[in-house]
Amino acid sequence: MFDVQAAFPDIEPIPQDDGPHPICAIQYPAHFNMVMGYFRACLATEELSERTLRLTAEVIDTNPANYTAWHCRRKCLAALRKGLAEEMEFTTEAGGDNPKNYQIWYHRRAILDEHFGKKEDGEEELLYVDKVLEEDAKNYHAWSHRQYIIEKFELWDGEVAYVEKKIDSDIRNNSAWNQRWFAVHLKASKDGGGKYSARGEVDYALEIARKDFHNESPFRYLLGILQECWCGESKVNEGEEDVKKLTGEVREKLAEMKDQGSSHVHTALVDIATKEGDKEEAKRLCEELRDKLDVIRAKYWEKQIQKMGGGK
Amino acid sequence: MASFFAPQPTSATQNAFFEEKHKSYISGLAKKLSKKSSYEGAVTSHLRMSGVFWSITAMSLICTPEELKEKMGLDEIVEWVFKCYDKDSGGFGGNIGHDAHLLYTLSALQILAISSSLSDPRLDKAALTSFVLSLQNPDGSFAGDKWGEIDTRFSYCALQALSILGTIGDVDVNKCAHFIASCKNFDGGFGCLPGAESHAGQIFCCVGALAIAKRLDLLDVETLSWWLSERQCDGGGLNGRPEKQADVCYSWWILSSLSIMGKVDYINTGKLVEFILKCQDEEDGGISDRPSNVADVFHTFFGISGLLLLNYFDLGKTGYKQIDPIYALPVEVVERLNLQGQVLKLETSKGKSVDVRYAGYEQI
């Protein structure tokens, strides 16, 4: 335990000046007041020392989202040329099992950028992210941090396999689907000659879609891949003829799922039918969505029907 | 808070908005915070500036200017805002003595805009402009402060801050817009960085920033507006990502985005109104994220603004004002400051819809 008062006998703490208005006058707990008083004093004197570093840990302990404390910590680390493996340990502990504040993740990134550049460092950091994602598979910051590590340390090779595992354990995890898009496209651009197999992605999405017809993510992913094909994006391996064939095949496979009562199947079919110029079918599908399958968005579907020249 | 033992709302109160309760909740917030749990006050001390912005804006939307001045102590707040100015960097911090950050610089400017204090001689517009410009990276993105964290939220803060300062001409807006476009995903949405998952809060920042940059042409409007509509859950509320719980905050993030695109009517507005009203604390005022949770000032702002964009209130009523979906300020403030922006043409339902947006914006 760090005894703040004993460590700063020569320092006069600076009290909080909340301003004159009551909306800002908050009764802070005594310990918080004491720690913050010393912290404000250290900021004022710009003392970058071991004891200031330990003080920032106390501040972060009372409030991990205090960005000024994290900043001050990095300044001290740089001035003291401290061991950084230790710092990552501190950050891991401050974050707990499911860290959700921006400061903790940014601190890890800043430390990595400044002091760690070897592939092993990246692999080790990925293990940390894995642990956080075990706890909360949709932690937004963890996925974002993962993308940063994968790009920085060139670790894209195993990523599609990792994401498949994540999707297997929860096929409705939209973060994992987003990561699949990221991994497939990054690998293509780094060592796929810029291209990936649209057919492979479509087959995968359909395979998972079949397991749960009410799962938005695979259907959205499927349409994303098809859109990229339709735009004539040079990113896909398939040529123009193959894209037509692929689109037709997807339409057939989705049509087989039509009686499942899933709005996602119908929605995907609307896009494909529209693309293939089958206006009547698209309109019929929209009507079913409006009247039966997606009633909460009835107004949206009515507007689509009106755009197709129909409607109530 | 709405306690477990609170009586079930009767049909008479089911569709009511507890105006007076909300006013006393917001203006009495400080007292409530210190009584209930001082921990709450402590952990929010570093973002006090944003809290003050949300409270003042929420109040200003349902109060007369006199009421606002008196109930919120506007003059003292302006004094406090200037105390949060960080001379060394040229921006505002989240509280007195804190480092400057774009998030709080924007909140401070918005507070000054509402309180008609932008011409206060203490406001160093040139220094503020240089502070914002110093945070732009060569790829067009913005860092939040000198430490360099990058996020599309900061692009929005930067563009709006410059717009309020009247110095948006000093930045290459197209470069800003292209960075935002590089964060666009296959579902039409945006994340905090290129490749990051779409999230309704980030989408608001990106759509808002593109609206200020007048580059809404970079949106994939159909895909995005569909994805946003799909966020409506069966209970009527909106979520921020697929498979997440509905939360009143998305009534602001999503409705404002849809409003900029002229497509609020894509969702079931009646059911969303019901959801927001259910999140009110009918005893002590305030609005929470979900029914029966504890109210806070952020969700109170999101709820009131959501109801405004849903046309729930009679704007002829004294004190009531429309919220602007781009600037998150009352429309009359946008008009008074002649702030610039772009919106998409309103998609009308057989000509029935009324355009509640500021008429001075460019429509494409």
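Two residues are in contact here if their C-beta atoms, placed from the backbone, lie within 7 Å. On that basis, among contacts in chain B between residues at least 6 apart in sequence, 67% join residues at least 24 apart. For chain A the corresponding share is 55%.

1. **Basis.** This is a predicted model: local features need pLDDT of at least 70, side-chain atom pairs count only at pLDDT 80 or more, and totals for chains, interfaces and linings use all residues. Residues are numbered from 1 along each chain as its sequence is written, and chains are lettered from A, ligands numbered from 1, in the order in which they are written.

2. **Secondary structure.** Helices (H or I, at least four residues) and strands (E, at least two) are DSSP runs, numbered from the N terminus. Chain B has 17 helices and four strands. Chain A has 16 helices and zero strands.

3. **Overall shape.** The radius of gyration is taken over C-alpha atoms, and the globule rule is 2.2 Å times the number of residues to the power 0.38. With 364 residues, chain B would be near 21 Å as a compact globule; its 20 Å agrees. Chain A has 312 residues and would be near 20 Å by that rule, but has 27 Å. Along the principal axes, the C-alpha atoms of chain B fill a box of roughly 55 × 45 × 35 Å. Those of chain A fill roughly 80 × 50 × 30 Å.

4. **Burial.** A residue is buried if 20 or more other C-beta atoms lie within 10 Å of its own, exposed if 12 or fewer, and partly exposed in between; C-beta atoms are placed from the backbone. In chain B, 56% of the 364 residues count as buried. In chain A, 40% of the 312 do.

5. The UniProt annotation "coiled-coil region", from an unreviewed entry, covers residues 236-299 of chain A. UniProt annotations may be inferred rather than shown by experiment. In the model, this stretch is 72% helix and 0% strand, and its end C-alpha atoms are 35 Å apart.

6. **Nonpolar cores.** A nonpolar core is a set of buried Ala, Val, Leu, Ile, Met, Phe, Trp, Tyr and Cys residues joined through C-beta atoms within 7 Å. The largest has 168 residues; Leu222(A), Ala158(B), Ala209(B) and Leu210(B) have the most contacts inside it. A second, separate core of 17 residues includes Val35(A), Tyr38(A), Phe39(A) and Ile60(A). Leaving aside neighbours within four places in sequence, Ala209(B) touches Ser155(B), Tyr156(B), Leu159(B), Cys176(B) and Ile180(B) by the contact rule.

7. **Helix α10 of chain B.** Of its 14 residues, 13 are buried, so α10(B) is largely enclosed by the rest of the structure. Just after α10(B), Gly166(B) takes a positive phi of about 80°.

8. **Helix α7 of chain B.** In α7 (residues 74-83), Leu74(B), Ile77(B), Val78(B), Trp80(B) and Val81(B) are buried. They cover an arc of only 160° around the axis, which puts them on the same side of α7(B). The arc is that of the directions from the helix axis to the C-beta atoms. Their cover includes α5 (48-62), α6 (65-72) and α8 (102-114) of chain B.

9. **Gly51(B).** This glycine sits in helix α5 of chain B. Gly51(B) is buried, with 23 other C-beta atoms within 10 Å.
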